[in-house]
Amino acid sequence: MLPLIGFWSGLERARGRKRMLALYWVFHTLCALGAALPLMAPAVRQLGRSRLGDELMRQFDLAWLAEVYSVAGEAAAPAAVFAAVAAGVILLLGGVFLAGGAVPMLAREEAAYTPEEFWRGAGRNFWPFLRLALYSLNAYAAAFLLSGLVRRGAEAVWGEGLEARPLVWAGHARLAILAVLSGLISTAMDFAKVRLALSGSRQSLRACLGSLRLVWRHPGVMFWLWACFAAAGAAAAWAYVELAARLEGGGAVGFVLLVLAQQAYVLARIGLRFAAWGAAAELDPILRPLPAPEPAAAAAEALDYQI
Amino acid sequence: MRHWLILISASLPLCAQLARPIASYDIRATLDADKHVISGEQTLDWVNDSPDTVPTLQFHLYMNAFRNSRSTFFRESGGQLRGDRAAEDGWGWIQVESMKLEDGTDLTARIQCIAPDDGNRDDCTVIEVPLPEPVKPGAALRVRMKFTTQLPKVFARTGYSGDFHLAGQWFPKIGVWETKGFRRAEKSGWNCHQFHANSEFYANFGDYRVELTVPSRFVVGATGELVRRTEDAKRGTSTYVFVQPSVTDFAWTAQPGFLRFERMFEAAKQTTQEELAAAARLHGIGIEDVRLSDVKMIALIQPEHAEQTERHFHALAAALKHFGLWYGRYPYRTITVADPPYGAGGAGGMEYPTFITAGTSYKAPADVLMLEIVTVHEFGHQFWMQLVASNEFEESWLDEGFNTYSTGKIVDRVYGGTSLPLMVFGRNVWSWLRLPKLTQASMDRAAHVGYPVRDPLATRAWEFYDGSSYSINSYSRTGVALRTLEALLGEETMARVMRAYHQRWRFRHPHSRDFQQTVNEVSGRNMDWFFEQFVFGARRLDYAVSEIGSRELGEPAGVFEKEGKKETVTAKDARKRDREREKRGGKAQHESWVKVERLGDGVAPQEIEIRFRDGHAERRAWDGAGRWAKFTFTRTAEVESATIDPGRRYLLDVIFANNSRKADYNTALSTQWTLRVLFWAQNAMLWLTGLV
């Protein structure tokens, strides 16, 4: 039940943070515009005045993509790669910064959203969260290493054979292992953020290891919690793809509805991200009860009260 | 010898001799499946059908391409082909143990390796043998040879992997003696090229009888018809005898694990009377001349691909039908498709007479047509390579390119487009994502557009700029060029051209110029300009509408001659006249202009369609020779758009987007697409920030 409790509670917490949701949407949209506009410039410049524009840009025309690449691609490629790397770095740093503001808001249900509070949290948590992100890379690398070992092992056993079947199934297993491990690491890092945000601690490594230990101790809860969010994400993707298929080719109105559906999907994904943090905040005190106060500290508290 | 002649004769009712045999082989070969070694003896009957006296013999020893890393093949390919890399311990070679003439003269000591293409002394894929007596015109020569072939670990077309064996280019094969004028040769001599990274086929027609002895557990498939199988229980071996007249090569495969299936292509059931009548009408021949014959289709399938068996048969049947109706009936009695196992992909997608290899994978999704494309394509080589036996070494476009064109037409017609594999846990999500299917025509044009025009189509296979230039030109760009030709000549004329070319050169060896000649003759048009630029030249075709515009022509102002007197119209008067005309409801005249440019060095006559805002449209012709041309129009309506080559006949044009220009910028289009890309960028960014 715990995973479901966490999942619903996370959704509930995310539901109450609409302004934060909007802020996240603006941030991602601005970054995406920064990437989309330069990317589309050569394409639409070429086709904006072409009679073939509508036809060539209908969905996915391989020959036209080759045309765009042959006209603009080769020359623009180095700049595009540089821009993509730069945008990625800015995006990651921005993501860490915003998470610093968002996690405390989601962790403290009673706290009302104010921009001041949000930005304060973002500033306070930036460095601990950034260190946490860097530490988490080790965990992700370990997951990739493990999946690589599965691949190597499969190739050593079946690579020289005349059947692809065992290798294909080993590939599925490898992908599944990678997905589950990445999901668990991501969940662990959500718990670590909540731990850092609530305790005001700056000990990122301790939070990272502690959360990984938490996953180790409660693998079932963590797996099903991740599975709930993965299923919700898949359901949102499925709903979007099905809806988009019906809206495609529906004229101007259809296109406006399609854009709305796209943005609703983006908001859903951000909402799920918030919900994952909210779920971690909900389950953290249950899975990791705080130790009872020591007698000396209790006595001091009582003394304070008397004074 | 007598024995096998009797066998050939006995099988003649089954497989009639269709071409005059020039190089016929009687081969006895035994496979040592553990060592992957073939020990063979062969008797070659070669006829000098030229007016020349031939002093030497030249043979291909293709398998020596895999002998070491200094062979021409290895130097050109770098030890990898089509994504497969040579194994470190998988060398292959062929050794001619002895060579004797019928009278017992031993030629073995006279054998010497030669490298006619690149002078590579380390390459021994061609040998030359001086004869004690030259072969006189019209004379026949019988040569008996013993040879040993070590198959390489397969990565390029031929070899072994585990207990799978694909023996292609495995026996000493005589070159083609070309007399001056034969296939437009400038001088008489042997045409016997070394084994290169790309291309390998050119041989005379002949009758083959091949006796293969393999361990009995093996399932065998080969060129031709199986006429006898005997088993030696004591040795645990089986001997298969295959016979096939009128072919240019012989290949075979053996693997214990093959599942063997047979289906009949029943011509009467596969073709309707209407289809036959339409084909007969189109080509102006009798319906009996287009009627197809029954063919036994044999599939040797890997057990893990068993569920794909019917896909192979369906593709084979589609190919037999359409190639047959379009170019002429398939004249042989069998076609065998062998499906190489995982790990032997390098042997897949290959063509030999009446024997082809497939290209598929475990659980290949039904909407990804790779299996069908490969099977139809390799079958197509029965027509372009085997029946019309062009020289693939020197003119690969006549082989691979013609086949790409034909394959594309069949696959697009029978199957529509293909999905690409976007596999997630064994499921292809391409269709689920509603991504559109890709046609062969679109994929060929994408390849053509995406790669610079560096070499003529008609370039010798080893003289292309690089491997990509070879494959783009030999396959995709030729496909696009032939589709362009089809658009210029008309579909029906092109169909007549292709059939006429095929029929004229069936069981013969054409040159590129022979196709050009057929095009001109059948179409009744001189298409030399097309061939010189886009087949024998490397011209880039790119025309663009570079500018369009309109301006209003007001009433004129200035000094005018009127009835011998000078009359001055002031600017004020002119404006007044304009206003008066507007009051009367009269429309102003507009001068519109359209500028078109030739951006490439390819020249082609062009048609330009100009549309005006009142719905009126005009077409103008331009010979396309100058760098640019300007067309002006005076009409009340302004120009709305201009399109060069509105019928999009010139598929060779490397940029279609600039072929037209509208006066108004299409803001809706660019907004729509920017929003679409924005969405995908947002998603990509959410994945990234999801990590932190």
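Modeller: A residue is buried if 20 or more other C-beta atoms lie within 10 Å of its own, exposed if 12 or fewer do, and partly exposed in between, with C-beta atoms placed from the backbone. The model is predicted: local features need pLDDT of at least 70 and side-chain atom pairs count only at pLDDT 80 or more, while totals for chains, interfaces and linings use all residues. Residues are numbered from 1 along each chain as its sequence is written, and chains are lettered from A and ligands numbered from 1 in the order in which they are written.

Colleague: How many helices and strands are there in chain A?

Modeller: Helices (H or I, at least four residues) and strands (E, at least two) are DSSP runs, numbered from the N terminus. Along the sequence the pattern of chain A is α-α-α-α-α-α-α-α-α-α. The count is 10 helices and zero strands.

Colleague: What share of the 307 residues of chain A counts as buried?

Modeller: The C-alpha trace of chain A spans about 85 × 55 × 35 Å along its principal axes. Of its 307 residues, the buried share is 34%.

Colleague: Where in helix α5 of chain A does the kink lie?

Modeller: Helix α5 covers residues 115–158, and its buried residues include Asn125(A), Pro128(A) and Phe129(A). The bend at a residue is the angle between axes fitted to the seven residues ending there and the seven starting there. The kink is about 50 degrees and comes shortly before the proline Pro128(A), at Phe126(A).

Colleague: Why does Tyr265(A) count as buried?

Modeller: Tyr265(A) sits in helix α9 (residues 251–287) of chain A. It counts as buried because the number of its C-beta neighbours inside 10 Å is 21.

Colleague: Which residues is Tyr265(A) in contact with, leaving aside its neighbours within four places in sequence?

Modeller: Two residues are in contact if their C-beta atoms, placed from the backbone, lie within 7 Å. Ala236(A) is 29 residues from Tyr265(A) in sequence, yet their C-alpha atoms are 6.8 Å apart. With those sequence neighbours set aside, the partners of Tyr265(A) are Ala236(A) and Tyr240(A).

Colleague: Which element gives the largest share of the side of domain 2 of chain B that touches domain 3 of chain B?

Modeller: Domain bounds come from an automatic or database domain assignment, which gives chain B domain 1 (1–258), domain 2 (262–532) and domain 3 (543–669). The contact takes eight residues from domain 2 of chain B and five residues from domain 3 of chain B. On the domain 2 side, two or more residues each come from α9 (440–450) and α10 (467–489) of chain B. The largest share, six residues, comes from α10(B).

Colleague: In β34(B), which residue is the bridge partner of Ile608(B)?

Modeller: Strand β34 (residues 639–644) of chain B is mostly covered, with six of its six residues buried. It pairs antiparallel with β31 (residues 606–612) of chain B over five bridges. The partner of Ile608(B) is Ile644(B).

Colleague: In β35(B), which residue is the bridge partner of Thr643(B)?

Modeller: β34(B) also pairs with strand β35 (residues 660–662) of chain B, antiparallel, over three bridges. There the partner of Thr643(B) is Ser660(B).

How values were computed. Two strands pair if DSSP finds at least two bridges between them.
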